[in-house]
Amino acid sequence: MRATLEFLASFRLRLLFRGAFLLLALAVLTMAIVMLQEEKQRAYDTYQSSLAKTRAQIIARLHHPAGQLALLNPPTPGAAPLRPLVLPFAAIDFDDMNKAHHAVDMAGCLSHYPGGGRLCVGTGNTGWGGNFLYVVGSLVAPPLVAHRIGDEIFDTSTRLLVSLEARGQRQDFIAPFEPLPSGGRSGLRGRFTGYLPRAASDEGPANYKGAQPLKEFRGWVWQQGSCHEPAAEQARAAALAQRARLGARLLEGEDTESLPPLPDCTHQSFFSLRLPVELDAPGQPRSPWPPADLADFRVRIRILPPGPGPALFDSASPGATAPFALGDLAPLLQPGESLTLRRPHGNGPEPLIRLEGQDAREEAPAPWLMRLIRLLPVDRYDAPVELKEDIQTAGHTYQLVLRGDARSVHSSLGQVAGRVSWYVAGMLLAIGIAWLVIEIGLIRRIALLTRRTRGLSRSVHEEGSLEPYELDDLRGQDELGLLAGALSDLLRRIREDAERERLRALQEQEQWHAVGHEIMSPLQSLLVLHGQPDDPSHRYLHRMQQAIRVLYGSASPSEAIRHSTLQVQRVDISAFLHHVAENAETPGLVCVWGNAGDGGRLDPSCPLPVRADEYSLEDVLAHLLNNAERYRRPGTPITLTLEAEPASVNLRLHNQGPAIAPALLDKIFEYGVSDPDLPESGPHRGQGLFVARTYLAKMGGSLRAENCADGVVFILGLQRAG
């Protein structure tokens, strides 16, 4: 308990100050996030109501006659060239000015032109009335000049030119103005009589002598008697009054000046036409009307003054404003919203139109702010929102699908969060400055202690020695003093342990030197007594002499084995195995000559040379046989199999017994690693397999262990001699 309290006391100051400042910074961030989450919730609620209002506006515009007209006709770009529209009624009473203009006004099909001109070209939504196009329009023009009956030249009168292009064909009409009785009303009333146009000759305008008017072509025109401009009308009224006064004086016989001329002015003019459309060749059945390719028709209407002057009205003139189209609904959509119109039971998957809200060109918020806003949870919001509505027209039912998402909400919140983030950053900066002041003033000695211990650690890792860093000057009763005292005591103990380890290694080296020196003298005498090569003891005495040379004068067994030098030469492995099998003390040892590499078996009597040190190889097999004897099941054999490859020879030593843990398959060959289940007081030091692999590596061979179904296999690899 006391040690625990001392440990906590050593970190008391740093935990206190840094924890307090950390909590303060977290409180500021939490306050900003909570405020941003509440703002996001309010913005989502506002967006829901705004999306519902947008839906109501779109539905209202589509229920309007102009919207109904847009649904009946596919979207077209602009007003030029002029395209006929399918009107929401079967036909137009074109010979009645009020009815014709009221119909096109209600349908919303009028295109507006600079100078006060308006024009609508359309057809009925059924074919009962025939293949006709209706043209209804108005313009501001000077008084119309009538064509005299019997005049063979039309260029001396006001005339109408019509061009219709459809399916690679073109139909042209020319219609001069012919006046009719006004019926007591002011202004002009007349008709446009249609003819097929003729080309002009080199001598002058086209001659229409003998031309017959087209029966199916119908055109009417009305021109108001009053001037279009109020100022011009006032001047005209004053001139008429003056002419009336002058006329009365002439009747009384007074000598008066001539009557003043009436000033010229323009008048509002209205016209309506019915154009016959011939699409079918003679003898062919009549095609349905209105045709499916009506949007591909091109119509041009021109009203020309007498003579070669510019047109009073031209539908191809620039600056025209098209009637309402479905694309005009796009400005109602916010960024991320989409509007789709389709027929619920249409023939194809493609919608009639699909509109996307345009992204506002604002400065993009920081990406991390947008990610934070998207992660903030809100209630009662499903993204994306989808609203559906059915729109009825005269002939079809359309399905409106309005989808919205939170991109616009996120964008606006990102702008707000970007401005608030500066205030939050300022508060965090103030907290950081306060912490820095306390850190420098109170925890500076901790930094000094850290630098000294870091230098000490670096000297240990890089140089392997302990630098004489002193920490006693930092001892005290506060947390820094306790820490410095503990480190000073620890450093002293480490130095003492390092010195003891150095002395132990020196004693071990001296011990091995003494053991080797004491054994070497009697071993030389034994070699003299058993110096004959046919003496069975001669071989084992040589092995003992080699082992003593390895250990003599070395610091430790592992270092001695690593630094030993072997005499690698040609060794007949077949004869070597015969010798091992005859002299091994291991009962149940079975030697098998395996596959020779070509499908046959090795001949035990044939030489099979390898590169090895014979004595060291015998030590390797002795260590492996002892290990196999230790772990095999009682009564089971130990099998030593010889297998030859083109460049190597493998010895497989197999014993039946427990498997080796997978994590220890490589570690068992390290020095000092032994079976933890064996008693520590036994002769097992964990160096037999280490010696075996080290000797094989020096001979250019290899050694590895594998688990098999009934035990363990050690595989020795040796290089074949040339």
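Arg-693 lies over the face of Phe-669, at 4.1 Å from the ring centre; a charge counts as sitting over a ring if NZ of Lys or CZ of Arg is within 6 Å of the ring centre and within 35 degrees of the ring normal. The model is predicted, so local features need pLDDT of at least 70 and side-chain atom pairs count only at pLDDT 80 or more, while totals for chains, interfaces and linings use all residues. Residues are numbered from 1 along each chain as its sequence is written, and side-chain values use heavy atoms, with hydrogens and water left out.

The structure holds 8 aromatic pairs. Rings of Phe, Tyr and Trp (its six-membered ring) pair if their centres lie within 6.5 Å; planes under 30 degrees apart count as stacked, over 60 as edge-to-face and the rest as tilted. Tyr-113 and Phe-313 form an edge-to-face pair, because their ring centres are 5.2 Å apart and their planes stand at 75°. This pair links distant parts of the chain, 200 residues apart: Tyr-113 belongs to strand β2 (residues 111-113) and Phe-313 to strand β11 (residues 313-314). Helices (H or I, at least four residues) and strands (E, at least two) are DSSP runs, numbered from the N terminus. Tyr-113 is buried at 7% relative accessibility, and Phe-313 is buried at 6%; buried means under 20% relative accessible area, exposed over 50% and partly exposed in between, with a 1.4 Å probe and protein chains only.

Phe-669 also pairs with Phe-714: the centres are 6.3 Å apart and the planes at 85°, so the pair is edge-to-face. Phe-669 lies in the loop between β20 (648-656) and α14 (688-698) and Phe-714 in strand β22 (residues 711-719), so the pair ties together parts that are 45 residues apart in sequence. Phe-669 is buried at 4% relative accessibility, as is Phe-714 at 2%. Elsewhere, ring pairs link Phe-154, Tyr-195 and Tyr-208 into a cluster.

β14 pairs with strand β15 (residues 397-404) in the antiparallel sense over 8 bridges, and Leu-387 stands opposite Leu-402 in β15.

Technical notes: Pairing = 2+ DSSP bridges.
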